[in-house]
Amino acid sequence: AVPCLLRAINDPDENVRLAAVEALGKVNSEQAVAKLLELVEKSNDLALRFSALHILGKLNQPLPEDMIDRLAKERLFRRAVYEILGQVPSRRGVEHLLRGLTDPAKSVRQTAIRSLAKIYESDTNGWLREQIEQGLAKALNNEALERMAEFLEGNHHSTKRAVLRLFSLIVNEQAWRYLFQASLDDSVSVEVGEFLEGLREKYPEQFRKFLSRQPEEVRQAVKKLIQEEELIVLGAKQIPEQMTDEEFNIIRVRLSASYGIYFDDEMKYLVERRARMRMRELGLKRFSDYIAYLQDPINGSKELYELTNLLVTNETYFFREEFQLRAFQEEIMPELIQSVRQQGRGKIKIWSAGCSSGEEPYTIA
């Protein structure tokens, strides 16, 4: 198939070119990967470069260090490179991501935050965790922490969680203040409870003193979350340590079939913790019991609705997520316009996915 796909990359139809790149990723042979790397490095077609870079990331294909250095200097590709660095961890990648925390572009900072948090949580050997902890302490002054905290005001759950994860790694009063304040945010309460419990175990005296200086509302919220986290730990013998991949897949297939929402593998932690919240509410001990409840002809549909509401952000409105729109206007559109003019084309097509009742595409227009 590869020779056919290599010819198709030069097809006059853009859809055929993009489909050929995607298919090369599915072939995933040495020759296919080499071609994808070549497209990222040398192609004049911006869409092909982006697509090839994205597919290399999905393949967990490490990029050569010199290529990372070059791409990181290209403003338009920096965010995509940082996303790949989160999927294929390395010491050099962590260095780039730490620099990305203070990047002028907010969309780039967001990706650097998420990738660093992902690397930290997936690093079971701990050889990158120390580098991240030390790097955060050096890279983040109070101004940088304040800019990171801007993401806590949005509605993007995984980004908020990543910010709070990084804040929990910094022994800094300002970072702790943001983390403790997040105890009042119901959308991340489960994660905040876990991070706060970790801080209490690691720095018991500092934790106690800092908590005593917080407003009464925050103190009560923190104590409640820590108690809930302790209950999870105490009940670990009754509740499985982890949801199995098979159980996760059963739930996500059901969510996809009923609501059209699909959760990637990296979102398993969210589904697991939210499902546990529902299990405690229902008095269920095992994930297999919860799945049986979801499949119950009488209660299953209602319970799936309750779980879905815990998992998704039910929002749509005009001019949503200002920093994304600013990145779109100031970073992406100028380069797209220049690219289509160079190619002699007169149209740019924009796809607004998952836009509910339509305010987002109107905003883009």
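Buried means under 20% relative accessible area, exposed over 50%, and partly exposed in between (1.4 Å probe, protein chains only). The model is predicted: local features need pLDDT of at least 70, side-chain atom pairs count only at pLDDT 80 or more, and totals for chains, interfaces and linings use all residues. Residues are numbered from 1 along each chain as its sequence is written, and side-chain values use heavy atoms, without hydrogens and water.

Start with Asn-60. At 47% relative accessibility, Asn-60 counts as partly exposed. Asn-60 sits in the loop between α4 and α5 (65-72); helices are DSSP runs (H or I, at least four residues), numbered from the N terminus. Its phi is positive, near 55 degrees, though the residue is not glycine. Asn-28 also has a positive phi, of about 55 degrees. Asn-28 lies in the loop between α2 (14-27) and α3 (30-42).

Now the interior. A nonpolar core is a set of buried Ala, Val, Leu, Ile, Met, Phe, Trp, Tyr and Cys residues joined through side-chain atoms within 4.5 Å. The largest has 78 residues, and Leu-63 is among those with the most contacts inside it. Beyond four places in sequence, Leu-63 is in contact (heavy atoms within 4.5 Å) with Leu-37, Leu-53, Leu-56, Ile-68, Leu-71 and Ile-84. A second, separate core of 18 residues includes Met-243 and Leu-311.

Finally, α20. In this helix, Phe-323, Ala-327, Glu-331, Met-333, Ser-339 and Val-340 are buried. The buried residues of α20 pack against α4 (46-58), α6 (75-87) and α8 (106-122). Gly-344 follows α20, with a positive phi near 75 degrees.

Technical notes. Helix = DSSP H or I, 4+ residues; strand = E, 2+ residues; numbered from the N terminus.
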